[in-house]
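Work through the exercises below with the sequence and the structure at hand. Each task is followed by a solution in steps.

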Amino acid sequence: MTHPADGTAPASPGAHPSGAGGAYQPGLSGAEVAERIARGQVNDVPARSSRSVREIVRANVFTRFNAIIGVMFGIILVVGPLQDGLFGLVIVANTAIGIVQELRAKKTLDSLALIGEARPQVRREGAAVQVATGEIVLDDTVLLGIGDKVVVDGTVTEADGLEIDESLLTGEPDPVLKHPGDHVMSGSFVVAGAGAFTATKVGKEAYAAKLAEEASRFTLVKSELRSGIDQILRIITYLLIPTALGLIISQLAVQRNDWQEAVRRMVAGIVPMVPEGLVLLTSVAFAIGVIRLGRKQCLVQELPAIEGLARVDTVCLDKTGTLTEGGMDLVDLRPLTAEDGARARLAEALGAIGTADSRPNPSMRAVIDVYPAPEEGRWRVLEAIPFSSARKWSGVQLLEPGGTEGSWLLGAPDVLLPTGHPALAEVDELGAKGLRVLLLGRSPLPLDAPDPASQLEPLALLVLQQRLREDAADTLRYFRSQDVRAKVISGDSAVSVGAVAAHLGLPGADTATDARTLPTDPGQLAEVADRTAVFGRVTPQQKRALVGALQSKGHTVAMTGDGVNDVLALKDADIGVAMGTGSDATRAVAQIVLLDDRFSTLPSVVAEGRRVIGNIERVAGLFLVKTVYSVLLALLVVFTQVPYPFLPRHSTVLSSLTIGIPAFFLALAPNNERARTGFVRRVLRLAVPGGIICGTATFVAYALARADHETALKADTSVATLTLFISAIWVLAIVARPYSWWRILLIGVMAGAFALVLVVPFLSDFFQLQLVGWRDPLIGVAIAGIAGCLLEITSRVFVERKEQEADATA
């Protein structure tokens, strides 16, 4: 039902403005609401925008690698000494950091979700009241208007051209016309008309309980970054088990007289195989990204959406509400007839039409602002059909001052006028200036006729001006500079959309395409979609088809929108971005919601995604180099039957100074490199040769030191530790490029910290590091230098291939 704007009851029981159907329901009384709340018949499903605290703790503590490290730590606690168990404290610190950062992200998401939460209207004691979704009770009368989401299940009691889109539930794209007595399900939304329904299922009984949770959950959905890391971890697990078993057997065989030393060196060989910090840093990087974007009023409903938008190469934009502000101004009324008094009659008619729409869209709001309601009794509304994006017009049947009846239609001129009509030339001329034009016409046919526009008499053109967003041009320039193509897909006329796009400097705006001429063949549509930048007169189904066509050409597509006509495309796009003031339905299906409607926030999301992806790829190389050289050293030790070169405390020093601490800073640094596919391939391309070089250099230095029978195992271990540190810090220096002052300082501090471990007596005793003589340490340094040269050659090849891939992608 097209209820009055204030939601109050009509003047008399059973009367329905605009010819609405169904019996008027005054709604529940305060006592009835309280009674239902007491019985628990309330829609109290908790809205979850994030994982619970318990889930966060469990996900960070009970991991596969924490289990491995925990067992190793328990063994060290038995055999001692405690300094060999330092790696256990690192795991505790890493887990704590992960929990704290995810809790901070949870707090941010929960607070932002409250801001973006839908607040439906219910009628209680004859008056409309806006309530939270969780405050709806059983038998409440819930009011519906264009763009509203059905938040609980119910039965329609009032309907005025009420059309419900159930595509999110059934997959059927066509809206369903609802009549009193029909059922509505939560998760559907209104695309045309207005009405009301009585809530029959609330809380966990309603379908909304599942849908709302899925729409706003802090999900860790599948992404290339996460799936790539999972793939790497599976490979490591397969390598770790046989290597660890061989190491255990070999160390027990070598150290027959000292089983405790054998166990310690066995643990030292297994622990560095585990890239325990890689998963942690990925979660922390995502969580910090959520917090940073939250401060800019950007709600990330699914974490990998940050990554996804960074991988996007095509952004589809809806003109209205995205490139332009929601408000419009009526700047001119141009009568198409020369009759005396035509302008005054049109003004009265427009005022009467405005009274029939209690939830006007921006165009109708601009008309209402200029033309107030006519004198009472002169014009009377008999029936009304609200605007539908599928029809492209709205209509009101009026009883006119002379006693005649007529259907007044207001909508798109190129839809309502026949091809070749003289007024269309004027419409195109105005549209070329970026103005929006509506046609007002009168038809003698009733609104319920098969085609009331077939006998339309054109009466006037209404010229409206849209306000462009101040940040739109700068944002489009940013996307262009980042090799991201922008495409405008709008329901407005192609000429008007092209003019707005041209004003904003969008390439290809001069060749706007009318979607009514688009081919239906998927292959042909994909070709047109790929080469065209601006589309006009696009239906909701065509928006969806265009997104699919671009995806079929291998593009990663983001779709922005704020209206219900954008929902299907938002749902199918790789990344959906909704405006905070848009419809409930768009916010429900989008992965990212711009709560303050600032289009200029999108570059921040792209930059955050690129920071996460680029830096995780960077630090993943560090962690996997360690895994590769650890596995190689373990295999060499097994085959040569020598004691493992390190104790757990040595592994802790090496891991912390060359990987753990530097990786934390590198993972949070700025990074604007464009995201590309092939994460696993690129990471392994550096990690495998780098790990082999470091592991081989370390074992050669260790073997040469052992050949000098005058030195003890402690001195041999010290030489191996020195060689591996220099090789590993060289890898860090390669990964940290391009250099900045803080990155050079970071490398210098790590090198200085290791030097302190070697020269400070307390630290060298604590970590059992003692360089004896000059020959073996110098040989170790020389071998590390050769390894560094090989690493440089490897990195040059890696960088060249990386640049070739980037050029090919561009």
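A residue counts as buried under 20% relative accessible area, as exposed over 50%, and as partly exposed in between. The model is predicted.

**Exercise 1.** Classify Arg391 by its relative accessible area, and do likewise for Glu163.

Solution. Arg391 has a relative accessible area of 22%, so Arg391 is partly exposed. For Glu163 the value is 15%, so Glu163 is buried.

**Exercise 2.** Which parts of the chain does the pair Glu163 and Arg391 tie together?

Solution. Start with the contact: the two side chains, Glu163 and Arg391, form a salt bridge at 3.4 Å, N to O. Next, place the residues: Glu163 belongs to strand β4 (residues 153–165), and Arg391 to the loop between β11 (380–388) and β12 (393–399). The pair therefore joins parts 228 residues apart in sequence.

**Exercise 3.** Describe the salt bridge between Arg537 and Asp414, then its surroundings.

Solution. The closest N and O atoms of Arg537 and Asp414 are 2.9 Å apart. Arg537 sits in the loop between β18 (534–536) and α18 (540–552), and Asp414 in helix α13 (residues 413–416), 123 residues apart. Arg537 is buried at 7% relative accessibility, whereas Asp414, at 23%, is partly exposed.

Notes
Residues numbered from 1 in each chain as written. Predicted model: local features only at pLDDT ≥ 70, side-chain atom pairs only at ≥ 80, totals over all residues. Heavy atoms only, no water. Salt bridge = Lys/Arg side-chain N within 4 Å of Asp/Glu carboxyl O. Helix = DSSP H or I, 4+ residues; strand = E, 2+ residues; numbered from the N terminus. Buried < 20%, exposed > 50% of the residue type's maximum accessible area, 1.4 Å probe, protein only.
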